[in-house]
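Work through the exercises below with the sequence and the model in view. Try each task before reading its solution.

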Amino acid sequence: MRRLFTLAALSLGLASAQGTGVLTIRFLDVGQGDAVLITSPEGKSVLYDGGRSEVRMQALLKQYKVASLDLVVASHGDADHITGLVPAVQALRPRFFLNNGLALTTQVWQKLTGAVRAAGTQGLLAKSQVINLGSVKLTVIPPPPGLPKDEQNVNSIGLLIQYGSFRALLTGDSETPETNAWLKTYPASFLGPVNVYKSIHHGAKNGDNARWLAAVRPENVVIGVGPNNYGHPTAEALSLYKKAGAGIYRTDLNGTVTVTVQRTGQFIITTEKGTGTAGSRKPVATPAPAPQPAPYYRSCAAARAAGVTPLRLGQPGYGRHLDRDGDGVACE
């Protein structure tokens with residue numbers, strides 16, 4: 001019998017600034033490493049991993065005009081995933097830092113945690129929880145219990161991104177013991193299908209496997225990879241993705257890969273260069289979510305507890321009973 005999993009909730013609220021109306025996921029070209037920038041329609045941002053180069057991340061934050069970060073996530077503690085988080089934390093002082101709780105003695109880990117403390121960023125230990133990034137739902141997939149605590153890869157943090165009917169899955173550098181444990185924990189309907197999937201461990205031999213991909217059922221795979229001596233992405237991994245019928249994008253060949261998602265779940269993938277490889281899998285057919293009634297807040301205290309204040313006229317949850325001075329802004 002599958003073990004039931006429960007989810008706690010954390011809300012990062014709604015930005016007061018006018019949003020873009022779309023979810024943007026950028027698989028950043030950081031060379032050999034991973035870095036994924038997620039920006040909600042309301043302008044809330046998450047950086048999942050930061051690549052190996054501080055200089056490169058500084059340039060990318062400037063290129064994409066990232067003015068703030070609400071959350072940074074270290075999928076695990078390897079340098080090719082966390083080095084670029086250091087300048088991001090130092091410059092943008094995010095509210096939260098999510099990690100797997102396994103302390104390291106490496107210089108880059110010490111530098112990152114020092115930056116987190118100096119920025120006043122609150123640490124979050126990965127657990128089964130939902131983070132509401134404005135209107136985007138992020139489900140944290142924590143490392144399963146019972147895996148060796150001295151091995152960072154098998155303690156990677158996964159993240160499921162949902163917006164409308166769109167779904168994307170990020171899983172760090174997980175290896176088969178971790179994906180097998182996740183398969184025992186989560187139902188197949190939770191893990192897949194996904195529209196966009198980040199290749200595990202840059203396409204290494206010990207990353208993705210046929211059983212895991214059969215559950216995830218990716219429509220498109222993005223590989224974060226640069227020049228390397230490891231043979232990434234391996235022929236084995238590329239063969240798995242082709243057999244799964246997935247479109248394949250690579251940051252070494254395509255530069256930064258950007259996924260732009262409409263509220264309906266419709267999305268497009270664009271690249272800095274090249275076109276990627278078309279897949280044969282039919283687009284993920286997931287029903288559009290049923291219209292939800294606007295939330296009702298009895299008081300400003302309730303609205304603040306939900307992390308949605310201030311509420312402006314026209315926003316979900318706004319009510320005249322909350323707007324005492326009638327200026328169109330409630331719970332100021």
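**Exercise 1: the cavity**

Phe27, Leu28, Gly33, Asp34, Ala35, Val36, Lys198, Val222, Ile223, Gly224 and Thr251 line the largest cavity. The model is predicted, so local features need pLDDT of at least 70 and side-chain atom pairs pLDDT 80 or more, while totals for chains, interfaces and linings use all residues. Residues are numbered from 1 along each chain as its sequence is written, and side-chain values use heavy atoms, with hydrogens and water left out.

Task: sort the lining of the largest cavity into nonpolar, polar and charged residues.

Step 1. A cavity is a set of points, on a 1 Å grid over the protein atoms alone, where a 1.4 Å probe fits but cannot get out; lining residues have an atom within 4 Å of a point.
Step 2. Ala, Val, Leu, Ile, Met, Phe, Trp, Tyr, Cys and Pro count as nonpolar, Asp, Glu, Lys and Arg as charged, and the others, Gly among them, as polar.
Step 3. The lining then divides into 6 nonpolar, 3 polar and 2 charged residues.
Step 4. The volume of the largest cavity is about 50 Å³, taken as the space filled by probe spheres set on the points, which are joined across faces, edges and corners.

**Exercise 2: the disulfide**

Task: find which cysteines form a disulfide.

Step 1. A disulfide is a pair of cysteine sulfur atoms within 2.5 Å, and the count by this rule is 1.
Step 2. The pair is Cys300 and Cys331, with sulfur atoms 2.1 Å apart.
Step 3. Cys300 lies in helix H10 (residues 300–305) and Cys331 in the segment after strand S18 (329–330), so the link joins distant parts of the chain, 31 residues apart; helices (H or I, at least four residues) and strands (E, at least two) are DSSP runs, numbered from the N terminus.
Step 4. The angle about the S-S bond is -85 degrees, and the link of Cys300 and Cys331 is left-handed.

**Exercise 3: helix H8**

Task: state which residues of H8 (residues 235–243) are buried.

Step 1. Buried means under 20% relative accessible area, exposed over 50%, and partly exposed in between (1.4 Å probe, protein chains only).
Step 2. Ala237, Leu238 and Tyr241 are buried in H8.
Step 3. Their directions, taken from the helix axis to the C-beta atoms, fall within an arc of 100 degrees, so these residues line one face of H8.
Step 4. The face turned away carries the exposed residues Ala235, Lys242 and Lys243.

Technical notes: 1 Å grid on protein atoms, 1.4 Å probe; cavity = no way out; pocket = protein on both sides within 12 Å on 5 of 7 lines; lining within 4 Å.
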